[in-house]
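Trainee: I am new to this structure and would like to learn how to read its features one by one. Could we begin with how strands are put together?

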Amino acid sequence: MFSEPTMSPVNTVSFWFSKRVQRWLARNVPAVSTATLHRRNIFILPTAHGLLYVAATTLIFITAINYVLSLAFGLAFLMVSLFILCILHTFRNLQHLTVKGIGGDSVFAGEEASFTVLLQRQSGRMHEALELSFPKGLLTRADLIEGAQLRVNVYLQTKHRGVLKAPRLLVQTRFPLGLWRAWSMLDLDMCCLVYPTPVACSLPEAVSHSGGGKGSSTQPGGDDFHGLRNFQPGDSLKQVAWKNLARGQGLKVKQFVDSSDDRFMLDWAMFAGFDAEGRLSRLCYWVLKLARSDVDYGLNIPGVVIQPGRGDAHRHRLLSALALWQQLQHIESATGDAL
Amino acid sequence: MDVNYQIPRLALLWVLAALLLVILPGMLRLPLWILLLVLGCMGWRLLIFAGRASYPGKLVKALIVFTALPLTVLQFRTQGVGLDAAVCLLILGVVFKLLEMQYKRDIVIVIVLAYVLTMIGFIYSQTIPSGLHAVLAVAVITGALVSLNRDNARNNFRNNARLAAQLVLQSIPLTLALFILVPRIAPLWTMPLPVPSSTTGVTDEMTPGDISSLGRSAELAFRVSFDGEAPSHDRLYWRGLVLDFFDGRTWHRSGSTFLDYGMIRRYPSENRGVPQGDPVAYDVIMEPTQQTWVYGMQLAEVTAGEIVQDRNYSLHTATPITQRLRYQLRSWSAFHTDLELPRALRSRALQMPEEDSNTQSAALARELRAASADDMDYVTRVLRHYREQPFFYTLNPPLLGEASIDEFLFQTREGFCEHYAGSFVYLMRAVGIPARVVVGYHGGEYNRFEDYTMVYQYNAHAWAEVWFEGEGWVRFDPTGAVAPERISQGVEAVFANQPGFMEDSGFSMMRFRDTQWLNTLRLRLDAIDYAWNRWVVSYDQDLQLEFLEDLFGENARSSLLWALGMSTALIFSVAAFFLLRGGQRQLRDPATRGYLALAADLAAMGLPRRTGEGPLDYCARVSAERPELAESMQSVTMLYVQLCYGEQGVGSEQLRQEFRMTLQTLRLRVLSRARRAGLVAVSAFSRQR
């Protein structure tokens with residue numbers, strides 16, 4: 001399920017190195033929900049452009065030596081000074097920036113999880129051309145110039161269901177000259193729930209209903225038109241009988257299920273023949289599908305039984321149960337491949 | 001990671017401006033077609049920017065590159081692989097890069113090359129204006145970098161210009177420290193020099209009319225500052241070359257006399273000069289002449305540098321002087337040279353033209369010699385001849401024909417110093433006295449503001465040296481016999497009102513030397529330029545040591561690196577202090593500070609917040625233990641959570657107000673209860689303030 005790094009020597013070394021870095025960061029930049037950037041958690045190194053600049057400065061310096069050009073010495077020294085001063089300015093662009101982890105919204109595996117962080121500045125400081133990203137994630141640009149704070153979403157590609165603990169957030173900047181890159185790796189202690197990827201499928205013939213196992217051949221949400229009922233707030237617009245409305249018969253909703261028994265139990269056994277993840281994905285699809293229809297639905301998977309119900313909170317309970325099924329022991333693993 | 005994203009639009013304008021600024025001073029050195037190509041490419045880039053043109057296709061690019069490069073090589077073929085060609089190719093490369101510059105990486109390459117082009121300007125000129133130009137160029141290039149890295153609403157001209165200026169100004173203290181303290185190293189290898197433009201100043205030939213034409217020029221030749229008292233004006237003979245070969249019309253250096261620089265360096269002639277008395281030391285900064293010799297006072301001793309002295313006591317450099325050159329000399333005013341005259345030198349000093357048509361002059365020489373007791377007496381008689389006959393000293397002498405000496409001595413009798421020096425030496429040689437012409441400068445203008453002497457082209461002069469048994473070479477200036485004020489006061493005093501004097505200088509400050517304040521201004525400006533050259537342009541290892549010895553005393557050399565490290569660290573720390581200070585006071589936002597103060601109050605009541613306990617859990621515990629506080633505690637907690645984590649609460653001023661009010665009433669209640677219980681000191685409340 002979790003791909004282990006292949007143990008070629010290079011990978012072993014880089015794996016060892018990244019472990020060391022992680023351990024160092026854990027000790028020196030510990031997890032907190034609010035981090036203010038300062039001397040001890042900002043790192044700074046020259047960029048590729050900075051090295052090009054250094055090369056040009058060296059060229060000018062050597063020319064100055066060979067042609068004995070005093071002013072070219074001056075130019076080279078001015079460039080060196082600018083380069084050195086740029087350290088302070090780039091550092092200053094991150095310094096005193098407060099980054100607060102607000103949290104992430106639940107997503108389905110394979111989607112991009114969006115974590116919200118709050119950037120706060122102190123009066124008198126501006127933070128321009130900030131770049132925020134998770135390792136291997138999308139880059140979010142931000143400028144904190146006006147206003148005391150700014151909400152920023154940072155995205156992270158999800159792979160597996162479960163609790164996704166956000167890896168260390170990279171906050172970096174190259175401002176003002178692009179010669180230095182100052183960055184900080186912050187563990188803001190943010191988590192989000194990753195539901196299984198929904199996989200579309202049809203229910204098998206033998207379906208189980210709750211309520212003492214009363215058999216019924218009617219599939220909820222199936223194609224068989226069952227009848228009309230009055231529209232209730234919360235009904236999906238897709239199921240509105242527009243033709244009846246046009247005939248002046250009022251707002252009706254098409255019903256596809258047996259209205260006499262709208263309590264529906266999703267069961268682990270429904271998708272026999274798939275592996276555990278496959279079952280969870282299909283259950284997830286049906287939870288979503290039932291949430292849009294007009295039935296009470298419940299869930300029965302090994303170790304978890306949730307009685308039928310409806311509403312957003314109920315849906316979230318079911319999805320969470322699917323996401324977390326036998327997953328709690330994996331929470332820590334999500335951070336393993338960080339950096 | 002992401003060097004490849006697009007260039008902010010404003011950055012492009014900055015880069016174009018920077019490039020134009022950098023190329024500007026060298027524009028006139030470029031061949032016309034290259035200049036047009038450069039401007040064309042920049043114009044094209046502007047059109048692309050404006051959306052009126054598209055990027056050139058591969059074919060067009062190939063066409064431009066493969067025609068421009070061979071043409072450039074052809075253009076410079078006659079001059080060899082020189083610096084000018086390299087500079088041209090570099091500029092072409094940069095403007096071609098402009099045309100295909102689409103990504104950030106490309107623009108950074110162009111920007112870095114712009115720095116290099118700024119430096120190249122210094123190979124041609126190191127004046128104060130070019131120094132200021134370079135600082136401006138660096139500021140604009142920095143602005144381009146800022147604009148490139150700032151992709152937000154603040155990316156406008158004013159903000160970028162201000163930040164760039166701020167950065168450059170802040171770098172200046174460190175720049176000065178590095179300039180003064182970084183050890184200067186001798187050149188690592190020889191470099192191609194710019195192809196010399198036309199030579200200026202005194203040449204190594206003297207035909208009647210040559211030196212008087214220099215009298216039309218008010219350009220500076222060199223500047224001298226003496227250690228101590230400057231010699232009097234009539235002794236300021238700046239000796240250049242010895243011209244000892246006469247072809248009947250023109251004086252030359254005899255070919256075999258001139259040993260090339262390398263020869264002299266390898267086989268220095270033994271010093272045949274015998275100095276007497278104390279020398280005077282001085283420091284010369286010479287304007288570029290494109291020639292290979294420099295000027296000094298006889299008898300000079302070279303104290304430092306790459307200058308050598310040939311057997312005629314002339315001073316030579318290895319390469320043509322294309323940049324201002326600074327050198328130091330010591331000279332003795334009393335001396336004997338060549339007490340033993342070698343045969344080769346003697347025959348050269350007696351050489352006469354093979355086809356000599358100056359019969360009258362030769363006859364005059366013989367006549368005067370016959371009437372003189374000895375050689376010295378003869379010289380006196382010749383000088384008296386110049387003085388007593390109606391000779392005129394003029395800047396505009398009439399042209400002379402074949403027998404130039406005869407025509408001058410017997411017909412025109414109007415001449416500049418080269419006429420007098422040439423005819424004098426001829427008269428000497430005609431009776432077998434070794435003599436030769438010396439060209440150089442005489443006199444100079446004293447600048448009291450920086451205590452130095454300025455020597456101009458119109459100070460160009462020619463005089464004679466005559467050899468006597470037991471005396472060696474003795475200087476005679478026949479011009480002094482005709483126009484003694486030329487020697488005592490200077491050429492300006494003689495010719496101030498004569499047409500032609502300084503005529504080639506166009507509108508020059510020199511024309512206003514009679515207006516007091518303008519003349520002062522002129523001297524002041526020259527003093528600034530001189531100080532710039534002396535202390536900045538010619539700042540080298542020696543000057544560095546001299547300066548540091550003033551600062552640190554004897555062991556300056558060892559403390560150089562120490563001083564460098566210390567001052568760099570000091571300047572960096574000061575900059576860091578001013579840039580990075582502040583911040584600690586407002587570590588938490590006001591809401592959190594208020595909430596923590598409340599928690600402290602509650603702790604004083606016996607309800608401390610446990611470590612790791614969230615606001616909601618704490619609220620529940622407090623509510624359970626103190627039901628009377630439950631309601632307001634809950635509303636405070638809800639507002640706090642909303643302020644810190646809520647969707648719309650963050651940054652809402654209204655919520656902030658509400659929180660502040662609720663918090664205050666709750667804390668007052670907590671406090672009054674606590675005080676009733678005698679549990680809390682009143683000071684706890686004031687901690688919030």
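Mentor: Let us start with the terms: helices (H or I, at least four residues) and strands (E, at least two) are DSSP runs, numbered from the N terminus, and two strands pair if DSSP finds at least two bridges between them. This is a predicted model, in which local features need pLDDT of at least 70 and side-chain atom pairs count only at pLDDT 80 or more, while totals for chains, interfaces and linings use all residues. Residues are numbered from 1 along each chain as its sequence is written, and chains are lettered from A, and ligands numbered from 1, in the order in which they are written.

Trainee: Which strands make up the open sheet of 5 strands in chain B, and in what order?

Mentor: Strands of a sheet pair through backbone hydrogen bonds, either parallel or antiparallel. In chain B the order of this open sheet is β9-β3-β17-β20-β21, and the pairing is antiparallel. β9 (296-297) and β21 (472-476) of chain B stand at the edges with a single partner strand each, so one side of each has no neighbour in the sheet.

Trainee: How many bridges join β17(B) to β20(B), and which residue stands opposite B:V437?

Mentor: Strand β17 (residues 435-442) of chain B and strand β20 (residues 460-468) of chain B run antiparallel and are joined by 7 bridges, with B:V437 placed opposite B:A464 of β20(B). β17(B) also pairs in the antiparallel sense with strand β3 (residues 237-243) of chain B, over 6 bridges, and there B:L241 faces B:V439 of β17(B). Further along, β20(B) and β21(B) are antiparallel and share 5 bridges, with B:A464 opposite B:F476 in β21(B).

Trainee: Is β17(B) mostly covered or mostly open?

Mentor: A residue is buried if 20 or more other C-beta atoms lie within 10 Å of its own, exposed if 12 or fewer, and partly exposed in between, with C-beta atoms placed from the backbone. By that rule β17(B) is mostly covered, since 8 of its 8 residues are buried, whereas for chain B as a whole 36% of the 689 residues count as buried. In the loop between β20 and β21 of chain B we find B:E469, which counts as exposed because it has 10 C-beta neighbours inside 10 Å.

Trainee: Which strands does helix α14 of chain B lie across?

Mentor: Here axes are lines fitted to C-alpha atoms, for helices over the stretch in contact, and angles run from 0 to 180 degrees between N-to-C directions; two residues are in contact if their C-beta atoms, placed from the backbone, lie within 7 Å. Helix α14 (residues 417-430) of chain B lies across β17, β20 and β21 of chain B, and runs at about 15° to β20(B).

Trainee: How many residues does each chain give to the contact between chain B and chain A?

Mentor: Chain B gives 55 residues and chain A gives 53 residues. On the side of chain B that touches chain A, the helices that each supply at least two residues are α5 (104-124), α6 (128-149), α7 (157-181), α18 (516-537) and α20 (556-580) of chain B. For the classes, Ala, Val, Leu, Ile, Met, Phe, Trp, Tyr, Cys and Pro count as nonpolar, Asp, Glu, Lys and Arg as charged, and the others, Gly among them, as polar; that side of chain B has 36 nonpolar, 14 polar and 5 charged residues.

Trainee: Where should I look for backbone features that stand out?

Mentor: Most residues other than glycine have a negative phi, and most peptide bonds are trans. A cis peptide bond, with omega about 5°, joins A:F175 and A:P176, and A:P176 lies in the loop between β10 (169-173) and β11 (180-186) of chain A. The peptide bond from B:Q298 to B:L299 is also cis, with omega near -5°.
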